[in-house]
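Reader: I would like to learn how to read a fold, feature by feature. Where shall we begin?

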Amino acid sequence: MSLVELIYDKEEHKKRIKDGMGYPYGNIETIFKVNGELLGAIVWVEEGKIEGDECDLYGFFGDILTGLAFLLDEGKSTRRDYYREDVEKFGPIDQIKNPDLAYYTDLFFPFNRYVFELDKDKDELIIHYRNDMYLYKDRAGKTGMVRVPLKEFTKEIVKLAKDYIKLVKNLEVLDMYEGWIKNLEKYLADVKKYYKERYGEEL
């Protein structure tokens with residue numbers, strides 16, 4: 001099992017991109033798992049049924065890459081004033097030990113919330129999450145926390161981002177979305193830069 005799993009129908013996603021569904025690329029039913037935890041999905045708990053939830057993958061990768069660059073760099077040159085403000089407004093602030101090294105995102109899932117926090121002492125990423133698509137008979141929503149090594153998580157996200165960029169680049173509609181792909185490539189380059197500065201290795 002991979003540390004990070006992002007499961008979606010690539011052929012259907014390519015079709016939606018070509019058909020111009022959504023903005024900029026169209027949503028696709030997606031399952032997002034970290035260390036076996038379902039952080040993004042529709043889960044009918046009593047029935048034991050799991051389905052992908054709608055996610056804009058361009059936005060997903062944009063948010064997760066810019067956030068990782070911030071955490072790898074520890075905000076030295078990547079800090080945004082609104083990061084702490086968003087964490088305090090939307091996050092489980094009582095559980096977050098260092099809000100200056102955390103950022104909030106929904107990862108472009110419509111009903112989810114995440115705070116990514118760096119534990120500097122252990123070089124670990126703490127993911128606080130709320131998935132409102134955990135559906136019980138009498139209620140909805142699950143709150144949890146996952147700890148993973150920052151280094152390994154970054155490696156896997158970079159690989160997934162490269163695969164996604166390659167998927168879109170191989171489509172004939174590239175001219176329509178060239179600017180969006182350049183943005184993702186820039187975010188990816190930033191992550192690789194700060195990863196090298198932090199760990200002394202190339203990605």
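Reader: In which helix is the place of Ile181?

Author: This is a predicted model. Ile181 sits in helix α5, residues 174–199.

Reader: Is Ile181 buried or exposed?

Author: Read the relative accessible area against a cut-off: under 20% is buried. Ile181 has 2% relative accessibility, so it counts as buried. Look also at Lys169, 12 residues apart from Ile181 along the chain. Their C-alpha atoms are separated by 7.8 Å.

Reader: Let us step back to the whole chain. How many helices and strands does the secondary structure have?

Author: It comes to 5 helices and 10 strands.

Reader: What radius of gyration does the chain have, and what would a compact globule have?

Author: Compare the value with what the chain length predicts. A compact globule of 203 residues would have a radius of gyration near 17 Å; the chain has 17 Å, so the two agree. The C-alpha trace spans about 45 × 45 × 35 Å along its principal axes. Of the 203 residues, 46% are buried.

Reader: What share of the contacts comes from residues 24 or more positions apart?

Author: Take the contacts with a separation of 6 or more. Residues 24 or more positions apart account for 60% of them.

Reader: Now a strand residue. Where is Val4, and what is it in contact with?

Author: Val4 lies in strand β1, residues 4–7. Its relative accessibility is 5%, so Val4 counts as buried. Set aside the neighbours within four places in sequence. Val4 is then in contact with Phe32, Lys33, Phe153, Glu156, Ile157 and Leu160. Ile126 is 122 residues apart from Val4 along the chain, and their C-alpha atoms are separated by 14 Å.

Reader: On to helix packing. What describes two packed helices?

Author: The angle between their axes and the distance between the axes. Take helix α1, residues 10–19, and helix α4, residues 150–169. They pack at an angle of about 50 degrees, with their axes 10 Å apart. α1 and α4 are therefore oblique to each other. α1 passes α4 in a right-handed crossing.

Reader: Which residues meet there, and of what class are they?

Author: From α1 come Lys10, His13, Lys14 and Ile17. From α4 come Tyr164, Leu167 and Val168. By class, the contact of α1 with α4 has 4 nonpolar, 1 polar and 2 charged residues.

Reader: At what angle do α2 and α4 pack, and how far apart are their axes?

Author: Helix α2 covers residues 57–73. α2 and α4 pack at about 145 degrees, with their axes 11 Å apart. Their crossing is left-handed. α2 contributes Leu57, Tyr58, Phe61, Ile64, Leu65, Leu68 and Leu72. α4 contributes Leu150, Phe153, Thr154, Ile157, Leu160, Ala161 and Tyr164. By class, the contact of α2 with α4 has 13 nonpolar, 1 polar and no charged residues.

Reader: Last, the backbone. What phi does Leu107 have, and where is the place of Leu107?

Author: Leu107 has a positive phi of about 50 degrees, although it is not a glycine. It lies in the loop between β7 (102–105) and β8 (112–119). At 0% relative accessibility, Leu107 counts as buried.

Reader: What is the phi of Phe108?

Author: Phe108 has a positive phi of about 65 degrees and is not a glycine either. Phe108 lies in the loop between β7 and β8. Its relative accessible area is 37%, so Phe108 is partly exposed.

Technical notes
Residues numbered from 1 in each chain as written. Predicted model: local features only at pLDDT ≥ 70, side-chain atom pairs only at ≥ 80, totals over all residues. Heavy atoms only, no water. Axes fitted to C-alpha atoms, helices over the stretch in contact; angles between N-to-C directions. Helix = DSSP H or I, 4+ residues; strand = E, 2+ residues; numbered from the N terminus. Parallel < 35°, antiparallel > 145°, perpendicular 65-115°, else oblique. Left-handed = near helix turned anticlockwise from the far one by under 90°. Contact = heavy atoms within 4.5 Å. Nonpolar A, V, L, I, M, F, W, Y, C, P; charged D, E, K, R; others polar. Rg over C-alpha atoms; globule rule 2.2 N^0.38 Å. Buried < 20%, exposed > 50% of the residue type's maximum accessible area, 1.4 Å probe, protein only.
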